[in-house]
Amino acid sequence: MRVLGIETSCDETGVAIYDTERGLIADALHSQMTMHAEFGGVVPELASRDHTRKLLPLIRQVLDDAGLRGNQLDAIAYTAGPGLVGALMVGASTSHGLARAWGIPVLGVHHMEGHLLAPMLEDTPPDFPFVALLVSGGHTQLVEVHGLGRYRLLGESVDDAAGEAFDKAAKMLDLPYPGGPQVAKLAEHGDPARFRFPRPMTDRPGLDFSFSGLKTHTLTTARKLQEAGPLSDQDRADIARAFEEAVIDTLVIKCRRALDDTGLKRLVVAGGVSANHRLRERLDHAITKRHAQAFYPRGRFCTDNGAMIAYVGAQRLLAGESDDAAMQATPRWPLATLTPPAA
Ligand code: KG4
Ligand code: ZN
């Protein structure tokens with residue numbers, strides 16, 4: 001079965017073709033990052049317009065790369081939520097239009113289920129069950145995963161997502177959007193011993209997160225230094241390092257706790273922040289001591305992409321899920337409400 005995957009939930013137009021026998025056979029991505037950077041964050045209306053401009057050319061490109069015509073596909077899967085409603089509508093309406101024209105089924109899939117299963121596209125995918133840490137710009141969640149659509153939420157952020165905290169810290173340090181990779185780069189030159197930022201909610205039981213206090217702490221640290229004059233490059237790097245250490249430590253502590261609580265030995269880490277190298281190093285170190293193993297998507301599948309959407313669509317259709325009669329664009333959609341594929 002060959003499935004075209006379409007991702008337009010935020011600021012990346014992603015298109016891919018997943019073949020259930022051969023794996024991923026084409027994959028293309030257009031990032032709107034530079035367009036939004038000027039405004040310091042995603043501008044929803046600009047995002048929708050850009051998806052409209054880029055989606056059909058990208059679909060043409062992946063079909064050419066795979067040497068296929070549209071009517072040789074077996075299905076289309078698109079991101080139906082969560083995300084920006086206008087951006088989602090572009091993917092949903094294009095998918096329904098093309099599926100109608102090509103006479104094939106179309107299925108709306110959950111964006112975070114895409115992230116969650118992105119490591120399945122790698123050479124050594126994890127077996128079920130596992131614990132998943134989903135860390136993106138909009139979500140920070142720990143989920144117990146027993147199979148496709150069998151998700152139990154263990155904990156989540158009560159305020160900002162980890163990626164969002166990275167983006168806000170970046171702004172305070174005059175770094176461009178999106179801030180995660182920029183903060184990580186600046187932190188490389190930072191002295192980890194100069195400042196120690198709090199590790200929120202780690203001193204009490206439970207698996208929830210909170211990152212908004214860390215943001216305030218970053219701001220007050222920067223302001224205090226600014227009283228003596230403008231921040232030096234070293235000051236900025238030291239703050240970035242302290243911030244990154246605090247986020248990573250917090251995520252590592254909660255992952256360890258989630259593995260202990262569930263008794264599971266596999267950890268999947270996915271979503272934009274899972275691209276962070278220091279996070280990967282520290283998680284690997286922490287969990288090998290527990291004889292557990294971590295699984296990550298390759299770098300470009302950590303952030304938004306069409307491949308993970310094509311993969312989820314293919315798995316759900318293979319398991320007997322029927323296509324959607326109605327077009328779906330759901331901005332808020334909790335992952336834990338998903339169910340196994342229903343024929
Ligand atoms: O999954 P994603 O592409 O979009 C959402 O679904 O939200 O995640 C984007 C987020 C942004 O907040 C970005 O700053 C963060 O992931 N990010 C990183 C890194 N690369 C991307 N955060 C920390 N370190 C990185 N290397
Ligand atoms: Zn995402």
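Guide: Before the surroundings are described, a convention is needed: Ala, Val, Leu, Ile, Met, Phe, Trp, Tyr, Cys and Pro count as nonpolar, Asp, Glu, Lys and Arg as charged, and the others, including Gly, as polar. The model is a predicted one. By this convention, the shell around ligand 1 consists of five nonpolar, 12 polar and two charged residues. Among the 19 residues around ligand 1, those that come nearest are Gly137, Asp167, Gly180, Gly272 and Asn276. Three helices, H4 (111-117), H5 (162-172) and H6 (179-187), each provide at least two residues of this shell.

Particular atoms of the ligand may now be considered. The side chain of His115 has an N or O atom 3.1 Å from an oxygen atom of ligand 1. From the backbone, an N or O atom of Asp304 lies 3.2 Å from an oxygen atom of ligand 1, and one of Gly138 lies 3.4 Å from an oxygen atom of the ligand. On its own, ligand 1 has 560 Å² of accessible area, of which the protein covers 88%.

Five strands form an open sheet with mixed pairing, in the order S3-S2-S1-S4-S5. Strand S3 (23-31) and strand S5 (106-110) each have a single partner strand, so each has one side without a neighbour in the sheet. Helix H10 (residues 307-318) lies across S1, S2, S3, S4 and S5, at about 135° to S1.

Technical notes:
Residues numbered from 1 in each chain as written. Chains lettered and ligands numbered in written order. Predicted model: local features only at pLDDT ≥ 70, side-chain atom pairs only at ≥ 80, totals over all residues. Heavy atoms only, no water. Near = heavy atom within 4 Å. Polar contact = N/O pair within 3.5 Å; in protein donor to acceptor, adjacent residues only side chain to side chain. Areas by Shrake-Rupley, 256 points an atom, 1.4 Å probe, with all protein chains shown as cover. Helix = DSSP H or I, 4+ residues; strand = E, 2+ residues; numbered from the N terminus. Pairing = 2+ DSSP bridges. Contact = heavy atoms within 4.5 Å. Axes fitted to C-alpha atoms, helices over the stretch in contact; angles between N-to-C directions.
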